[in-house]
Amino acid sequence: MKRKKLKKESFMKSVVVLMISQVFVKALGLVYKLYLTNKEGFGDKGNAIYSSGFQIYALLLTISAMGVPNALSKLISERVAVGDHRGAHRVFKIALITFSIIGFGCSMILFLGANTISNTFLQIPEAEMALVALSPSIFFVSVIAVIKGYFNGRENITVTARSQSLEQVFKTVFTIIIVNSLITGMDTVIMAAGANLATSLSACACFIYLVNYYRTIRPIIASEIKSTVNYKPTRIRKTIKQIFFVSIPMSLSSIFGALNRNIDCGKRT
């Protein structure tokens with residue numbers, strides 16, 4: 001019974017769950033943004049530092065993870081549909097390793113290059129700490145994107161919706177706690193960095209949730225792999241090419257949008 005519940009979710013149920021999740025996420029996002037805007041000592045300066053950090057973060061995140069969930073969902077669902085659970089899980093493992101490396105690389109670029117980016121590109125020296133605080137989240141979100149793609153391909157949309165909601169809850173709570181309690185009395189630069197640190201902590205929490213969920217259903221996945229039919233092994237390089245072939249077109253508009261925002265930000269400064 002448990003296996004059937006994991007494999008089968010109606011289309012309408014998936015749509016409703018995702019819609020509710022998105023509304024919940026947007027509502028909580030409004031809460032913490034209003035909190036930051038009205039926080040004494042944060043003001044326009046804090047918002048400028050906080051937002052400038054996110055421009056670079058969004059660009060690197062687009063490169064490392066955007067389009068991945070949909071691409072993997074497509075490739076995995078194609079294999080699951082013909083009973084090739086082993087092939088589906090192999091695609092997942094290859095994608096997990098690939099995008100873990102890419103995400104880690106982008107995190108290190110942001111971490112090590114924070115000083116150069118903030119001073120030379122953004123021309124906002126105060127944003128350095130905000131960039132450093134955001135850097136770990138790129139790795140976590142890259143891995144999260146792969147796990148979500150795997151579950152979406154298995155038609156288990158509920159876990160994706162839950163993880164999104166959970167991440168936003170933690171982001172809101174961490175933002176308020178860090179900015180209001182842990183760094184009371186400190187300057188705007190520290191508060192902006194603390195608000196961005198909340199993003200990294202919430203991504204870590206979402207990562208932990210998804211990994212734990214995967215572990216709980218690992219025996220079911222293992223039994224599916226044993227019952228695999230129509231398994232057609234492909235070379236690792238070919239599988240990676242397939243993933244990028246599907247994901248890159250999906251992410252091009254986001255990449256161009258992120259580039260334009262960063263160019264506009266550079267012009268304003």
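**View 1. Burial across the protein chain.** Of the 269 residues in the protein chain, 49% count as buried. The model shown is predicted. The accessible surface of the chain comes to about 13,600 Å². Carbon and sulfur atoms account for 66% of that surface.

**View 2. The helices of the protein chain.** The secondary structure comprises 10 helices and 0 strands. Read along the sequence, the pattern is α-α-α-α-α-α-α-α-α-α.

**View 3. Contacts across the sequence.** Consider contacts in the protein chain between residues at least 6 apart in sequence. Of these, 85% join residues at least 24 apart.

**View 4. Val 179 in helix α8.** Helix α8 covers residues 157-182, and Val 179 has its place there. Val 179 has 0% relative accessibility. Buried means under 20%, so Val 179 counts as buried. Lys 39 lies 140 residues from Val 179 in sequence. In space, the C-alpha atoms of Val 179 and Lys 39 are 8.7 Å apart.

**View 5. The span of helix α9.** Helix α9 runs over residues 188-226, a total of 39 residues. At 1.5 Å a residue, α9 should span 57 Å.

**View 6. The bend in helix α9.** Helix α9 bends by about 50° at Ile 217.

Terms used:
Residues are numbered from 1 along each chain as its sequence is written. This is a predicted model: local features need pLDDT of at least 70, side-chain atom pairs count only at pLDDT 80 or more; totals for chains, interfaces and linings use all residues. Side-chain values use heavy atoms; hydrogens and water are left out. Helices (H or I, at least four residues) and strands (E, at least two) are DSSP runs, numbered from the N terminus. The expected span of a helix is 1.5 Å times one less than its number of residues. The bend at a residue is the angle between axes fitted to the seven residues ending there and the seven starting there. Buried means under 20% relative accessible area, exposed over 50%, partly exposed in between (1.4 Å probe, protein chains only). Contact means heavy atoms within 4.5 Å. Accessible areas come from the Shrake-Rupley method with a 1.4 Å probe; for residues, only the protein chains shown count as cover.
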